[in-house]
Amino acid sequence: MSFSVLQGFTKSLAMTVLSEIGDKTFFAAAILAMRHPRRLVLAGCLSALILMTILSALLGWAAPNLISRQLTHHVATLLFFGFGLWTLWEGFTGDGEAEDLAGVEAELDAAMKSKTGTDSKGSKVDDDLKKQRRPMLTQFFSPILLKAFSITFFGEWGDKSQIATIGLAADENPFGVVLGGIL
């Protein structure tokens with residue numbers, strides 16, 4: 001069993017590219033970027049994906065210490081096979097992307113409508129009071145960046161790409177898996 005960084009990198013890069021195109025978080029990021037500054041959305045989404053990739057690889061690296069490496073290898077192989085069939089099924093039926101896009105748009109529209117509107121005649125004192133009442137993180141980071149981060153992070157939690165990254169890191173060099181996943 002080879003622990004080559006290059007092998008982990010190439011497998012992770014291929015798996016990430018194939019599993020993330022057309023994913024729910026892909027549509028969420030696209031819709032957010034249409035409505036908000038693209039740099040903030042990109043920074044939020046990328047930081048969430050980087051953190052999720054690192055956490056998944058760490059879990060995959062630790063998994064062989066909890067169960068045998070041979071069993072980890074077989075579970076990872078079954079997961080990749082299952083996700084491959086799942087992806088092919090979604091590709092042939094063509095229903096997944098339209099449903100994901102409609103669902104993401106509905107969720108983002110509901111979030112936009114739930115926000116209260118601000119009065120254009122508001123004073124600087126009102127703005128300062130609002131800033132003081134904001135949660136701790138929004139005092140340091142843009143609310144749009146945090147929104148993009150949280151939508152992406154929690155959207156990826158338990159996603160097939162996360163589980164595949166865990167399995168791949170259990171079977172390959174975790175450093176290569178993280179580099180390939182991030183790229």
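This is a guided tour of the structure above, one selection at a time.

**Before you start**

The model is predicted, and local features are described only at pLDDT of at least 70, side-chain atom pairs count only at pLDDT 80 or more, and totals for chains, interfaces and linings use all residues. Residues are numbered from 1 along each chain as its sequence is written, and side-chain values use heavy atoms, with hydrogens and water left out.

**Stop 1: the whole protein**

Show the protein as a cartoon. You will find 10 helices and zero strands, which gives the pattern α-α-α-α-α-α-α-α-α-α along the sequence. Helices (H or I, at least four residues) and strands (E, at least two) are DSSP runs, numbered from the N terminus.

The accessible surface comes to about 11,800 Å², and 68% of it belongs to carbon and sulfur atoms. Accessible areas come from the Shrake-Rupley method with a 1.4 Å probe, and for residues only the protein chains shown count as cover. Of the 183 residues, 32% count as buried. Buried means under 20% relative accessible area, exposed means over 50%, and partly exposed lies in between (1.4 Å probe, protein chains only).

A contact means heavy atoms within 4.5 Å.

**Stop 2: helices H1 and H9**

Select helix H1 (residues 5-20) and helix H9 (160-171). Their axes come within 10 Å and cross at roughly 170°. Axes are lines fitted to C-alpha atoms, for helices over the stretch in contact, and angles run from 0 to 180 degrees between N-to-C directions. H1 and H9 are therefore roughly antiparallel to each other. (Angles under 35 degrees count as roughly parallel, over 145 as roughly antiparallel, 65 to 115 as roughly perpendicular and the rest as oblique.)

**Stop 3: a salt bridge**

The rule asks for a side-chain nitrogen of Lys or Arg within 4 Å of a carboxyl oxygen of Asp or Glu, and the count comes to one salt bridge.

Which partner is buried, and which is partly exposed? Glu172 is buried, at 4% relative accessible area, while Lys11 is partly exposed, at 37%.

**Stop 4: helices H2 and H8**

Next, select helix H2 (residues 24-35) and helix H8 (residues 143-156), whose axes come within 10 Å and cross at roughly 170°. H2 and H8 are therefore roughly antiparallel as well. On the H2 side you will see Thr25, Ala28 and Leu32, which meet Lys147, Ala148, Ile151, Thr152, Gly155 and Glu156 in H8.

While you are in H2, click on Ala33. This residue is partly exposed, at 26% relative accessibility. Leaving aside neighbours within four places in sequence, Ala33 is in contact with Arg38 and Val41.

**Stop 5: helix H3 and the nonpolar patch**

Select Leu42, Leu46, Ile50, Leu51, Ile54, Leu55, Leu58, Trp61, Trp157 and Ile182; they form a nonpolar patch on the surface, with about 920 Å² of accessible area together. Patches are made of residues with over 30% relative accessible area and no salt bridge, joining like charges within 9 Å and nonpolar side chains (Val, Leu, Ile, Met, Phe, Trp, Tyr) within 5 Å. The largest share, eight residues, comes from helix H3 (residues 38-66).

Beyond neighbours within four places in sequence, Thr53 is in contact with Thr165, Val177, Val178, Gly181 and Ile182.

**Last stop: His73**

Finally, select His73 in helix H4 (residues 69-93). His73 is partly exposed, at 29%.
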